[in-house]
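Me: Please take a close look at the cavities in this predicted model. Tell me what lines them, and how far the coordinates can be read.

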Amino acid sequence: MFRDPSITLLAIGQTLQWAGIFYIFPALLLRWEQDLGWSKADLTAAITIAVLVSALASPLAGKIIDRGKGPNLLAGSAILGGAGLLILAAVAARWQFYAVWVLIGIAMAGCLYEPCFALVTRARGKDAKKGIILITLVAGFASTISFPVNYALAEHLGWRGACVTFSAVVVLVAAPITWVGAYRLEQSRKLPDAPPSAAAAGRGFLGRQAFWFLALAFSCTAMAHGAALHHLLPLLDEREIPPQSAVLAASFIGPMQVAGRLAVMASGSYLSHNAVAVLIFCMLGVAMLMLLISGISPAFLLAFVVFFGSAWGAVSILRPLLARDILGEEDFGAKFGALALPFLAGAALAPFLGSLIWEAGGYDALLIVLIGVAGVGLGLYLAANRAARTGRDRDGPA
């Protein structure tokens with residue numbers, strides 16, 4: 001499994017970048033709330049801004065990858081994200097906090113899963129699945145690293161010390177590893193560089209019903225995941241679950257992501273991508289239900305971790321594979337970059353909207369809403385699959 005050095009290096013880089021650039025927010029949210037004295041809505045607005053910026057920049061990142069500049073994009077963006085963490089350690093005012101997360105949002109667009117998977121798909125074509133699975137298997141442990149390590153660092157060095165530490169890890173370790181892996185992958189690419197198709201040049205795929213149904217379905221998964229993840233520690237704190245137990249539960253989401261990805265690999269001969277996708281939406285809904293009743297017994301919190309982690313782990317693998325199945329392989333970087341915009345927009349809005357729902361009706365209301373979001377996402381995905389199979393949904397004007 002680890003015989004491909006390029007993929008192995010990218011997997012390590014992704015793990016460190018997700019741990020430092022993305023998961024640091026939910027890991028330190030309670031610390032910021034206690035130290036800075038800002039409300040949940042004020043704080044989660046920052047990650048909303050960051051992921052929205054990432055969403056807006058994702059189509060450009062896709063174009064850069066299609067032009068063969070992926071290695072520089074991934075490594076440079078990692079360095080930018082690490083620099084953002086260093087600046088974050090010095091913020092004192094709210095506007096500074098928001099400005100830093102704008103910078104980190106730009107970095108996210110160029111160094112996390114979307115550009116990495118687009119690069120792997122560009123280089124490996126039909127054989128990209130194995131590489132994507134390996135990367136997500138390893139990077140699934142990012143939250144397992146981030147939550148406990150940030151907790152320990154914040155206990156001994158404060159949250160600012162935690163930011164400085166992860167900044168050094170991302171800049172000095174993750175970025176160089178990522179560049180080497182991406183460069184080797186790009187150089188080994190055997191597929192010819194075809195000129196952009198007329199449909200892609202005119203963004204004809206944006207006129208397809210299947211594209212928008214799929215984009216909105218992906219967005220629903222991102223909203224369910226983003227709201228639950230970023231509010232997990234405050235939610236468990238509200239239910240009077242000890243901090244160490246809450247951090248432990250959050251840490252085990254990572255291994256469950258890996259388990260979900262292993263299950264996708266094992267089911268390859270028995271279940272289609274379509275069947276696994278349907279199962280994922282159902283699991284997300286069940287996970288929210290388990291979290292809703294987690295105050296009754298620790299068993300329900302454990303069930304949430306299993307369903308939530310494994311479902312989200314499978315999503316990471318299936319998104320590029322479903323996009324290729326439904327939209328085709330041609331100009332995949334542009335298509336996947338365009339799909340990333342609504343997906344990341346959903347992820348961006350989720351923490352802030354979650355705060356607003358919490359203020360209006362508490363966390364029980366939020367979880368009920370998220371169960372509904374999972375159901376809507378399932379309906380949209382089925383509509384996308386149906387539109388693609390009819391053969392009437394071709395690239396071109398709507």
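Reply: pLDDT is the predictor's confidence in each residue, on a scale from 0 to 100. This model is predicted. The protein averages a pLDDT of 86, and 92% of the residues score at least 70. Among the elements, helix α4 (residues 70-88) has the highest mean pLDDT, 96. Helix α9 (residues 198-201) has the lowest, 46.

Two stretches call for care. Over residues 196-202 the pLDDT is below 50. Beyond near neighbours in sequence, residues 196-202 have 7 contacts in the model. The pLDDT is also below 50 over residues 394-398. That stretch has 9 contacts in the model, again beyond near neighbours in sequence. Where pLDDT is low, the predicted coordinates should not be read in detail.

Now the cavities. The count is 4 at 30 Å³ or more. The largest cavity holds about 310 Å³ of space. Its lining has 23 residues. Nearest the centre of the largest cavity lie Trp-18, Phe-22, Trp-312, Phe-343 and Leu-344. Several helices give two or more residues each to this lining: α1, α3 (40-66), α6, α10 (209-230), α13 (253-266), α15 (298-327) and α16 (332-390). By class, the lining of the largest cavity divides into 14 nonpolar, 6 polar and 3 charged residues.

Two of those contributors, α1 and α6, also pack against one another. Helix α1 (residues 5-22) meets helix α6 (residues 113-124) at an angle of about 170°, with the axes 11 Å apart. Angles over 145 degrees count as roughly antiparallel, so α1 is roughly antiparallel to α6. On the α1 side, the contact is made by Ile-7, Leu-10, Gln-14 and Trp-18. On the α6 side, Tyr-113, Cys-116, Val-120 and Arg-124 make it. The residues of this contact split into 6 nonpolar, 1 polar and 1 charged.

Phe-218, Thr-221, Ala-277, Ile-280, Phe-281, Val-315, Leu-318, Arg-319 and Leu-322 line it. α15 gives the most, with 4 residues. The lining of the second largest cavity comprises 7 nonpolar residues, 1 polar and 1 charged.

Terms used
Residues are numbered from 1 along each chain as its sequence is written. This is a predicted model: local features need pLDDT of at least 70, side-chain atom pairs count only at pLDDT 80 or more; totals for chains, interfaces and linings use all residues. Side-chain values use heavy atoms; hydrogens and water are left out. Axes are lines fitted to C-alpha atoms, for helices over the stretch in contact, and angles run from 0 to 180 degrees between N-to-C directions. Angles under 35 degrees count as roughly parallel, over 145 as roughly antiparallel, 65 to 115 as roughly perpendicular and the rest as oblique. Contact means heavy atoms within 4.5 Å. Ala, Val, Leu, Ile, Met, Phe, Trp, Tyr, Cys and Pro count as nonpolar, Asp, Glu, Lys and Arg as charged, and the others, Gly among them, as polar. On a 1 Å grid over the protein atoms alone, a cavity is a set of points where a 1.4 Å probe fits but cannot get out, and a pocket is an open set with protein on both sides within 12 Å along at least five of seven lines; lining residues have an atom within 4 Å of a point. Grid points are joined across faces, edges and corners, and a volume is the space filled by probe spheres set on the points.
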